[in-house]
Amino acid sequence: MAHYYTEPSRTFSEYLLVPNLTSKDCNPSKVSLKTPIVKFKQGEEPEFSLNIPFSSAVMQAVSDDRMAVALARSGGISFIFGSQSVEGQAEMVRKAKGYKAGFVVSRSNLTPGHTLKDVLDLKERTGHSTVAITDDGTPTGKLLGIVTGRDYRLSRDPRVKPVSEFMTPFSKLIYGNVGLSLSEANDLIWDHKLNCLPIVDEEQKLVYLVFRKDYDEHKENPYELLDANKSYIVGAGINTKDYEERVPALVAAGADVLVIDSSDGYSEWQRETIQYVKSNFKVKIGAGNIVDREGFLYLVESGADFIKVGIGGGSICITREQKGIGRGQASSLIEVAAARDEYYRETGIYIPICSDGGIVHDYHITLSLAMGADFVMMGRYFARFDESPTRKLKIGNNFVKEFWGEGSNRARNWQRYDTGGKQGLVFEEGVDSYVPYAGSLQENLDKTLHKIKSTMCNCGSLSIAELQQNARITLVSATSIVEGGAHDVILKENSITGE
Ligand code: RVP
């Protein structure tokens, strides 16, 4: 006979946190959100931790190299999407790893033979007023000079004037050599009143530009997540089909943490993939998604470094409707967290868990941490920002960003949903949609983090571990959910009704 669960499966919106005593020294500025992302032994430190408990989803519409840089800069991690060619994904990882905070690869380049008109056209196209002049017009050619807006007079200079006649030539440039630290570069910028400092190698080839404003920006990111070489920590998604080609390429490109991206991870395919990675590479690997104790233990015993929880809760996901599998995100998380704690008590090995999908309100993040998640993975949340890889469109009077599921026809990520047999997407498990455009990642993240920290203080907790220990969580009735929003008043236009 089939097994019947006695409790219905529940979502985050069915729960609330009940405040604990808040002591006078418990305030948001003192809260630490540092959290482990890979397994570790009792008494030891995990090899990788996040400074904020956020990861961005393994999705075409969410996690590319730009998102990876933006999120690592704020203390979280992106898992660059795997539903693309091995070369394409490895290139994104390489770009994100190669990005040195404050050091940028020059985006506007010309040769001395170009003209003032070419400079103006390029400025119009890119918006950059600093143009590097190299022998071959590439960002890594031999640096021959720099052109800025101060080098020409639009009222006097003919548009056909060659760049060689008005650029600041290399012999008059202040430049730095490869290996210079950002603060040394900044000293040169200040000492010589520069806006931009080129960095060249021993053959005078251009490597980076350092801009004054980027240094200031860098200083504002105390949480940034860096490896020992001061590159950002970068994650990447893999599947259980082409791992023998994909994993070596991702590791060679510098990926720090991999995750097997699958809608149902309780499978022998995942065990084989984990074992292949563990026996050939040092790179860390997470697995999932699972929704119960059995799935958790199976993947842990297969060697996974962290476990991802959740089936069917994603905003664009229709797996539950299409296949009738899944479980409410809160119920899944509560059961898996209990299994994780039991495993820790028995073995002394702590396995971080990631709650993936179904975060709608900021407080859902705090709830999931309180229920035992070490970090969350979000798609919709990040898709709304400037940094996501999709188009921003105006629909009616509102700006939106495109957002589609990995199981939609648009992404055609059949490997994520494959259970053996026919290779290809036979039916859709995700939709193609829009999400409201919300501006920059940093701005939104700051607000969300503040909310989380302030709720943690209501719960008398200064760290995620304390929250998990101290939290008191109550189920809410359908009528008390109504009570939680604005009710029995006539709302004025532009009132805040949600996030
Ligand atoms: P959300 O944050 O609610 O947008 O959920 C994102 C999650 O949804 C992803 O991390 C993934 O687990 C899941 N997903 C992605 N594509 C699809 C689909 O097409 N069904 N589901």
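A: Classes first: Ala, Val, Leu, Ile, Met, Phe, Trp, Tyr, Cys and Pro count as nonpolar, Asp, Glu, Lys and Arg as charged, and the rest, Gly among them, as polar. On that scheme, the shell around the ligand holds eight nonpolar, ten polar and four charged residues. This is a predicted model, so local features need pLDDT of at least 70 and side-chain atom pairs pLDDT 80 or more, while totals for chains, interfaces and linings use all residues. Numbering starts from 1 along each chain as its sequence is written.

The shell counts 22 residues around the ligand (C-beta, placed from the backbone, within 6 Å). Coming nearest are G314, G379, G405, G407 and G430. Two elements, β21 (375-378) and α12 (380-383), each put at least two residues into that shell. Those labels are DSSP runs numbered from the N terminus: helices are H or I with at least four residues, strands are E with at least two.

Zooming out, the protein has 16 helices and 25 strands. Its C-alpha atoms fill a box of roughly 85 × 55 × 50 Å along the principal axes.

Now for some helix packing. The axes of α8 (residues 293-301) and α10 (residues 329-347) come within 8 Å and cross at roughly 45°; axes are lines fitted to C-alpha atoms over the stretch in contact, with angles from 0 to 180 degrees between N-to-C directions. The crossing of α8 past α10 is right-handed, with the near helix turned clockwise from the far one by less than a right angle. On the α8 side, R293, F296, L297 and V300 meet E335, V336, A339, R340 and Y343 of α10 (C-beta atoms, placed from the backbone, within 7 Å). That contact has six nonpolar, no polar and three charged residues.

Over at α1 (residues 65-74) and α14 (residues 441-458), the axes come within 11 Å and cross at roughly 35°. α1 also passes α14 in a right-handed crossing. Here A70, L71 and S74 from α1 meet L441, Q442 and L445 from α14. The tally for this contact is four nonpolar, two polar and no charged residues.

Most residues other than glycine have a negative phi, and most peptide bonds are trans. G288 and N289, though, are joined by a cis peptide bond with omega about 5°, and N289 sits in strand β17 (residues 284-290). Q204, not a glycine, has a positive phi of about 70°. You'll find Q204 in the loop between β13 (196-200) and β14 (206-211).

Definitions and conventions. Contact = placed C-beta atoms within 7 Å.
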